Amino acid sequence: MTIPDFQTLMRPVLAHLEDGRTRRSRDIKDAMADQFDLTEAERAAMLPSGRQRTIDNRVGWALSYLTQAGLVAKPSRGQVVISDEGQAALSANPDRIDMKTLEAYPSYLKFRERTRKAPTSQTTVDTPPVAEATPSDLIEQAVSTNRAAVEGEVLQSALALSPTGFEDLVIRLLERMGYGKAGSVERTSASGDAGVDGIISQDPLGLDRIYVQAKRYAEDRTIDRPRIHEFAGALLGKQGDRGVFITTSRFSSGARQEAERINARIELIDGSRLAELLVAYGVGVQVEQTVTLYRLDEDFFDTL
């Protein structure tokens, strides 16, 4: 038997989790190799990069898509468990679960929307069918899909942090973005600094400051106008005129209008934008693989 593609693996992976036990993702990869009776050569087959087994990669992508649809949850690092929606999906789809099946789940559609928005090039073009796609097209499509999946996963990991852990994550991100390079970036909430969770000092003397509020809220929660007004009041109390409000949730239109209305300059970063920044600046993620494409240098041969 050839190594199954990741869509073919979706339902078997979910069925393997049907008993509700939390399992290590690495054990599921081995279980799928057993279930599909892969030969020793097929089990050992590697991706072209030579960094990962092909079966591991495909099971990993199946788990990633199932997670994006909410059918699988990741309670801790390297651990997966089926959700109630996953149990229902097994009953409703006795033969196959694939990307078309997942389109019935709102969280998967949000993931697809992130995929379409992922900035992988300077221009946006419709992805051609695989048969017509160039290697560059295929790589761009893969990068967009990977970027969207990782952004979703990194946001879920941020939601699982404690409030102080989330504040530390935000501080780490701001440092990676280059803020406080000439001064400092520090968390203040532990000392009871009401209304402010962090302070960015842009100069050694701390004369140029940006105040930070970092709130870890559920994705479906909406931050409205009063919270922005409160943050503006905290800035006023510190004689500050610049702040950044970072959250895992989203802002209402009223909140954004309030941020524009008040005298202080307040930047609002919602969960979607936070995830983009974490991936873009390499906070909480690591590079798995890089690809180099080559093309003929016609000018070189014309000179010979």
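The structure holds 19 salt bridges. The model is a predicted one, and the pairs described below are contacts computed from its atoms. Side chains of opposite charge can pair when their charged atoms come close.

One of these salt bridges joins the side chains of Asp19 and Arg23, with a distance of 2.8 Å from N to O.

Glu151 and Arg147 form a salt bridge in which the closest N and O atoms lie 3.4 Å apart. Both residues belong to helix α8, which covers residues 135-159, and they are separated by four residues, about one turn of the helix. An α-helix has 3.6 residues a turn, so residues three or four places apart point the same way. Glu151 is buried, since its relative accessible area is 6%, while Arg147 reaches 21% and counts as partly exposed; the limit for a buried residue is under 20%. Salt bridges also connect Asp30, Arg53 and Asp56 in a network.

The overall fold was described next. The protein chain contains 13 helices and 10 strands. Its C-alpha atoms fill a box of roughly 70 × 70 × 30 Å along the principal axes. The chain has 304 residues, of which 40% count as buried.

Helix α11, formed by residues 253-261, shows how buried and exposed positions can be arranged around a helix. Gly254, Ala255, Glu258 and Ala259 are buried in this helix. Viewed down the axis of α11, the buried residues fall within an arc of 140°, so they line one face of the helix. Ser253, Glu260 and Arg261, on the other side of α11, are exposed.

Asp37 has a positive phi of about 50°, although it is not a glycine. This residue is located in the loop between α2 (25-35) and α3 (40-44), and its relative accessible area of 60% makes Asp37 exposed. Gln239 likewise is not a glycine and has a positive phi, of about 55°. Gln239 is placed in the loop between α10 (225-237) and β8 (242-247). With a relative accessibility of 77%, Gln239 also counts as exposed.

A patch of negative charge is formed on the surface by Asp297, Glu298, Asp299 and Asp302. Among these residues, Asp302 lies in helix α13, which spans residues 298-302; Asp302 is exposed because its relative accessibility is 63%. A nonpolar patch on the surface consists of Leu296, Phe300, Phe301 and Leu304, which together have about 470 Å² of accessible area. One of its members, Phe300, is also part of helix α13. Phe300 has a relative accessibility of 44% and therefore counts as partly exposed.

How values were computed:
Residues numbered from 1 in each chain as written. Predicted model: local features only at pLDDT ≥ 70, side-chain atom pairs only at ≥ 80, totals over all residues. Heavy atoms only, no water. Patch = residues over 30% accessible without salt bridge, like charges linked within 9 Å, V, L, I, M, F, W, Y side chains within 5 Å. Areas by Shrake-Rupley, 256 points an atom, 1.4 Å probe, with all protein chains shown as cover. Salt bridge = Lys/Arg side-chain N within 4 Å of Asp/Glu carboxyl O. Lys, Arg positive; Asp, Glu negative; His and termini not counted. Charge placed at Lys NZ, Arg CZ, Asp CG, Glu CD. Helix = DSSP H or I, 4+ residues; strand = E, 2+ residues; numbered from the N terminus. Buried < 20%, exposed > 50% of the residue type's maximum accessible area, 1.4 Å probe, protein only. Arc of directions from axis to C-beta.
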